[in-house]
Amino acid sequence: MHQKIIKRSSPRPELTDIPPLDMSAPGIKEDYRRYFNHTLGRDEFCTSVHYMYEALAMVVRDRLLERWKKTNSAYHNQDVKRVYYLSLEFLMGRALSNAMLNLGLTDEAEQALAGLGLVMEELADGEPDAGLGNGGLGRLAACFLDSCATLQLPVVGYGLRYEYGMFRQVIAGGKQVEEPDHWLVNGNPWELERPELQRLVRFGGHTEYFKDARGVERVRWVDTDNVWAIPHDVPVPGYRNETVNTLRLWKSSATDEFDLRTFNAGSYTEAVSEKNAAENITLVLYPNDASENGKELRLRQQYLLASASLQDVIGHWVRAHGDDFTDFAAKNGFQLNDTHPSVAVAELMRLLMDEHGMGWNEAWAITTRTMAYTNHTLLPEALERWSVDLFRALLPRPLEIIEEINRRHLIQVAARWPGDVGMRHKLAIIADGQVRMAYLAVVGSYSVNGVAELHTNLLKSGLFGDFNAMWPERFNNKTNGVTQRRWLAMCNPALAALIGEKIGDGWVTDLSELSGLRACADDADYLTRWHDVKQQNKQRLAKLVKQDCGVDFPLDSMFDVQVKRIHEYKRQLLNILHVIHLYARIKAGDTANWTNRCVLIGGKAAPGYWMAKRIIKLACAVADVVNNDPDVGDRLKIAFLPNYRVSAMEIIAPGTDLSEQISTAGKEASGTGNMKFMMNGAITIGTLDGANIEIREEAGAENFFLFGLTEAEVEALRPNYDPGAIVAGDPDLARVVALIENDQFSPDYEGRFRAIVDSIRNPHDPWMTAADFRGYVDAQQAAAEAYRNRAAWSRMSLINTASSGKFSTDRTMREYNADIWKLTPTPVR
């Protein structure tokens, strides 16, 4: 695996001193022809969209690399502080269109392709969605990187290069079927493999204590099973500012590819077993952790990300500064994106002490001045707890360090709450045979932030309340956002052009400028054009639904959309109950002043999450009945979109009228889909949860359909929650439950959805679906009535877009930088 290095005493500019690449249409056309013919070896008979796309990707990548090198030189020459963003997910989506937009190449590339008889849209569709993430966490990380590059902040992303995405979701017989998502089957033209920068990552083995030459006790981690982490770099362009930052993704590889002696002895499987075991670490995003093997694999993934990334940063430092770490904390910072990479706290300590000879206090001072932690969830199952036995078997040295961190931490707890044994147990990093990784992150970080005002308040008062009492200065809020460049300028060019006519295009880098649209809120002609753009986008969405679901969505209907990970707290079930309610009304002839509605639901359920899969089955079963009932016609349609993905959302968000953000209050940390919909002029129906609260504050209560219990009301109701009485006291809900219970949507299988009915009636239902049903139905009726007034609805839509300025990741990143990172924006020339 080791590459030979040419020794040199000085740089060699003759290797890199070349003229800048041509950004004109003729220059792009000429480069395209060269790549298509000479690099890819295609000819005039080639009809594969893949090769046509790949040639264009290479043309664009060259222009990214040109700026990428300038960016790295600027950061190096100015010796800037850098932040390293560690995340197990980066849901980047397709790169081509975004890169061309940020480089300002879109028009020139379209002209070049037209001169060759090619259509840009067809080539762009040849790019697969990168399978590097699953949901909001990964998409947020991708938006963060885009904004950091646009703000010219020296931020590097670190993640894993998964060979397969989570899975490709197929709906067969109304059920989710998971198929492999081999997104790298044709390679990835956007990445550069950097084997010369590989890092050795250790697992297993045991520790030995010894005294160094100075008589100081040290620790060696020995007899380990090692793997290589091979970096693959992906360029991340800022918006038309010459800055291109880096996303570095690690691929696991065996230290010995092949045991020839074993192979020659006839043991073919054993000969490659080490290679296969090593490569399995980055084979699949989020392996099912229902088994012990699955849990071990996930812990391996998390440690490989942390160890390789920290070794990389320290290696870069040592090359420039030797073993002088005096200014390390002043020049480096680490942001942990949720709890997954929190083992980085222990790993940084290990590297500083075991590899670079520091004492505990010096290493701890550096660690706690460089680590910052973002929490994204209040759900206990997402807080990463590992059994001590598994941790000891897999990572014995990091566990020893965590045990010492815990010992010293509990001394502080005891000083803060003398004699309170219960508090020591409550705040222990290791307790009940488990390592609490979220607690490790809190103890080892100088900053802990939530991602929406409500979420942060709940962290400070609930989940981390006692930690907040110890270290109130650590806790802060950073409300999430999305990048308007992908989620408005790129995915909704018609609306972007209409906005530009009135207020220019400054909003692309300063989303607060959208507030200027408020001056158009009573301009009848402009609102008509606003409506026309929405109808064009609904046509694109209807085409996608027809193609993927086989269902016709009439364009004059309200497009009512809920797309997100399938989970009970997100309450896709509540949405389905409302659809059944509307169906029952139609069957009863209750259709006076009716608003036609098309309901789209999409999202993946975790492979081991039975109830989420059952909810998908119910959605598909209801769709089968509703869409084929002649009494219903165009009054109501419902479709479940398979394999929800970034490229689909780029069509869905612009074409949505009503955005469903209906989680149980206090359960959604923030949400970012709600922001994408708002930015594109959808109106939200939702609870006071996550960022919904701030969306409503910005848009105004009159431009938001609110329902449901507040977080405080949810908690107050829990002890006396009686959903049976709620069902019995609400004829509409009773009718809906009866239709499910009596197998109206499962005539071929008695009791198929009994578990769903039981969950609704369960007094311990944590999601309180029944409690919010009546408020939800009433809010939906208000939305239906509002939609019938086209001008008023278009005004609400425009106001939502005009009010979305707060929800740009540019604002979020400025706040991270001002309050946590303290980076200096670094222009690239």
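I take buried to mean under 20% relative accessible area, exposed over 50%, and partly exposed in between, with a 1.4 Å probe and protein chains only. The model I am reading is predicted, so I keep in mind that local features need pLDDT of at least 70, that side-chain atom pairs count only at pLDDT 80 or more, and that totals for chains, interfaces and linings use all residues. Residues are numbered from 1 along each chain as its sequence is written, and side-chain values use heavy atoms, with hydrogens and water left out.

**Entry: salt bridges**

I counted a salt bridge wherever a side-chain nitrogen of Lys or Arg lies within 4 Å of a carboxyl oxygen of Asp or Glu, and the count comes to 57. I began with Arg248, which counts as buried at 10% relative accessibility. Its side chain meets that of Asp312 in a salt bridge of 2.7 Å, N to O. Helices (H or I, at least four residues) and strands (E, at least two) are DSSP runs, numbered from the N terminus. Asp312 lies in helix α10 and Arg248 in strand β10 (residues 244-254), so this pair ties together parts that are 64 residues apart in sequence.

Asp312 also forms a salt bridge with Arg199, at 3.2 Å from N to O. Here the link runs from helix α10 to strand β6 (residues 199-203), across 113 residues. Asp312 is buried at 5% relative accessibility, and Arg199 is buried at 15%.

I then looked up Asp79 and Lys331, whose closest N and O atoms are 3.7 Å apart in a salt bridge. Because Asp79 lies in the loop between α2 (49-77) and β1 (82-86) and Lys331 in helix α11 (residues 328-331), the pair ties together parts 252 residues apart in sequence. Asp79 is partly exposed, at 38% relative accessible area, and Lys331 is partly exposed too, at 25%.

**Entry: nonpolar cores**

For a nonpolar core I took a set of buried Ala, Val, Leu, Ile, Met, Phe, Trp, Tyr and Cys residues joined through side-chain atoms within 4.5 Å. The largest has 113 residues, among which Phe391 and Phe464 touch the most other members. Helix α10 (residues 292-321) gives this core its largest share, 10 residues. A second, separate core holds 65 residues, including Leu618 and Phe705.

**Entry: a hairpin**

Strands pair if DSSP finds at least two bridges between them; β7 (residues 206-211) and β8 (residues 217-222) run antiparallel and are joined by six. I noted Trp221 in β8 as the bridge partner of Thr207. Five residues separate the two strands of this hairpin, and Gly215 in the turn has a positive phi of about 80°.
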